[in-house]
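Subject: Structure handover and findings

Hello,

Please find the structure below. Notes on what was found in it follow.

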Amino acid sequence: MPDRVVLTINGVTMEVQRGTTVANATVLAGQPCRTSAGGAPRGPLCGMGICFECRVIINGRLHCRSCQMLCEPGMDVRTDV
Amino acid sequence: MSGQMSSRGRRYFDVLVVGAGPAGMAAAISAAKCGLRVGTVDDNFHPGGQIWRTGSRGVPVAEAVRWFEAFERSGIDVLFGTRVFDQLERGVLLAETPLGISELGYGKLIIATGARERFLPFPGWTLPNVMGAGAVQAMVKHGLPIKGKRVVVAGSGPLLMAVSTYLLKMGARIPVISEQASWRSLARFAVALSGQRVKIGQALRLKMELARIPFSTSSWPVEAHGKDRVESVSIWRRGRVENIRCDYLACGFHLVPNTELASLIGCRIERGCVQVDDFQQTSITGTFCAGEPTGVGGVELALVEGQIAGLAAGERTAEACLLFRKRKRGMKVVSALEDAFRLREELRRLASSDTLVCRCEDVSFSRLQPYTAWRAAKLQTRCGMGPCQGRVCGPATQFLFNWNTESVRPPIFPVLVESWANLADKPNPEP
């Protein structure tokens, strides 16, 4: 199995180590996961699927907790839910 | 593979265990030994929970490996990526799986849902790269490069030391560990556990490994600074505020039990902990609870509680009784932890009036101040009504305002609309 995974975050292609969570990929891309109701950038807080701060759109599916999902080849990740 | 499928994905288990951390694994293995059909669900993709999370580049400790192997060998049906969100009727839970909704029927239920970090609001805590201490560790285990990064570790509890040791090993630089508890209460903690050679040995080893890092007691974060992400943090330390540059602030104030599922089912909960009898049985006959939800006591206690719960669910009470002494020793940790890492008064005053308390709905401290109860604040401000459903701000407001935040409403986790659409025949849970 290849060691690297290629995916896109907001349309920009990036490559990560296999086993990297989507949350980590967004941090590596320097992208906040979402914008709060008040307009502030937010990133992962709890790292274990309870805070929902890391929610993003993955392959069109809304509200995915990116800290609990691994990057997969060809994945289309959209932040700023 | 056991378990029966119906058109909507219904499965039945003699014993259903929710959570595959140490308590859940121990419970499932013990119940399986009794010859029962056992199912375990967990929202992660691996067993081990938070404490034994291995991730993509972790190496599990020897004790964890033994439990993983036993867990794998015991013929338990394990459903990963599965999150229980409601109860359809007594004895049937609803769970969201990667493939859709499943009904999980059971004869006996064992709740082993673990604990989460407690977060307290202070100015700047909502900036990206301010995370829980355990959260940073989990992220690094799953591929976040930390080598050469500056990580300030702050908050409270034994987790701070464990996380710092791990991060150091992974090449992070830790300018300071800031522990809100006093040196005196940490010393008392060490004495209270002096009967436990293993624990003290671990503590000493940690202390040595951490010898190169400034470890401040009676110290806490005052404000995180930065524009798009955290760039520095002001720490109260040695009687003054010090500004420390950092790439990450790893900050959690000890742990809070995850009691939402127990509460949903109607188990009695007191002072934030699920109440159980000698056999780990809750106030509901046939429903057991093990590990952190009954009181935060660490992995050794979780394992023995899990074993007792599993054996009791399998009606092997005599065997369960043999473990009572071991559990009693472990229980000492619960009260020692509670005493040592009790949150100090000063932390109630960290939030300024515009500091957000509810991160989901952007509700500030000053908007909550007029209220005397959680329910009224929720209805009027939407505090705790966002996707996390109060898991973050609930324990915070409990500390800040003394609100009782234990009640839950189904679904206990948000579920996608299309999942609900598949549940047309379920009665509306709203009163």
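Is B:Lys378 buried or exposed? B:Lys378 is buried, at a relative accessible area of 16%, where buried means under 20% relative accessible area, exposed over 50%, and partly exposed in between (1.4 Å probe, protein chains only). This lysine sits in helix H12 of chain B, residues 374-381; helices (H or I, at least four residues) and strands (E, at least two) are DSSP runs, numbered from the N terminus. Leaving aside neighbours within four places in sequence, B:Lys378 is in contact with B:Cys383, B:Gly384 and B:Met385, contact being heavy atoms within 4.5 Å.

Conventions first. This is a predicted model, in which local features need pLDDT of at least 70 and side-chain atom pairs count only at pLDDT 80 or more, while totals for chains, interfaces and linings use all residues. Residues are numbered from 1 along each chain as its sequence is written, chains are lettered from A and ligands numbered from 1 in the order in which they are written, and side-chain values use heavy atoms, with hydrogens and water left out.

The interface

The size of an interface is often given as the accessible area lost when the parts come together. Here, chain B and chain A bury about 2800 Å² between them, with 57% of it on carbon and sulfur atoms; buried area is the accessible area (1.4 Å probe) that two parts lose on being put together, summed over both. On the chain B side 39 residues are in contact with 33 residues of chain A.

Between the two chains there are 14 residue pairs in polar contact, both residues at pLDDT 80 or more. A polar contact is a pair of N or O atoms within 3.5 Å; within protein, one must be able to donate a hydrogen and the other to accept it, and residues adjacent in sequence count only if both atoms are side-chain atoms.

On chain B, strand E7 (115-117), strand E8 (130-131) and helix H3 (133-141) each supply at least two residues of the side that touches chain A. H3(B) gives the most, with three residues. By class, that side of chain B has 21 nonpolar, eight polar and 10 charged residues (Ala, Val, Leu, Ile, Met, Phe, Trp, Tyr, Cys and Pro count as nonpolar, Asp, Glu, Lys and Arg as charged, and the others, Gly among them, as polar).

Salt bridges

The rule finds two salt bridges across the interface of chain B and chain A, a salt bridge being a side-chain nitrogen of Lys or Arg within 4 Å of a carboxyl oxygen of Asp or Glu. A:Arg42 and B:Asp362 form a salt bridge at 2.8 Å, N to O.

Over all chains, the search finds 22 salt bridges. Among them is A:Arg4 with A:Glu15, at 3.0 Å, N to O. A:Arg4 lies in strand E1 (residues 4-9) and A:Glu15 in strand E2 (residues 12-17) of chain A, so this pair ties together parts that are 11 residues apart in sequence. A:Arg4 is partly exposed at 38%, and A:Glu15 is partly exposed at 45%.

In chain B, B:Glu338 forms a salt bridge with B:Arg271, the closest N and O atoms being 3.2 Å apart. B:Glu338 lies in helix H10 (residues 324-340) and B:Arg271 in the loop between strand E17 (269-270) and strand E18 (273-274), so the parts tied together are 67 residues apart in sequence. B:Glu338 is partly exposed at 36%, whereas B:Arg271 is exposed at 70%.

Regards
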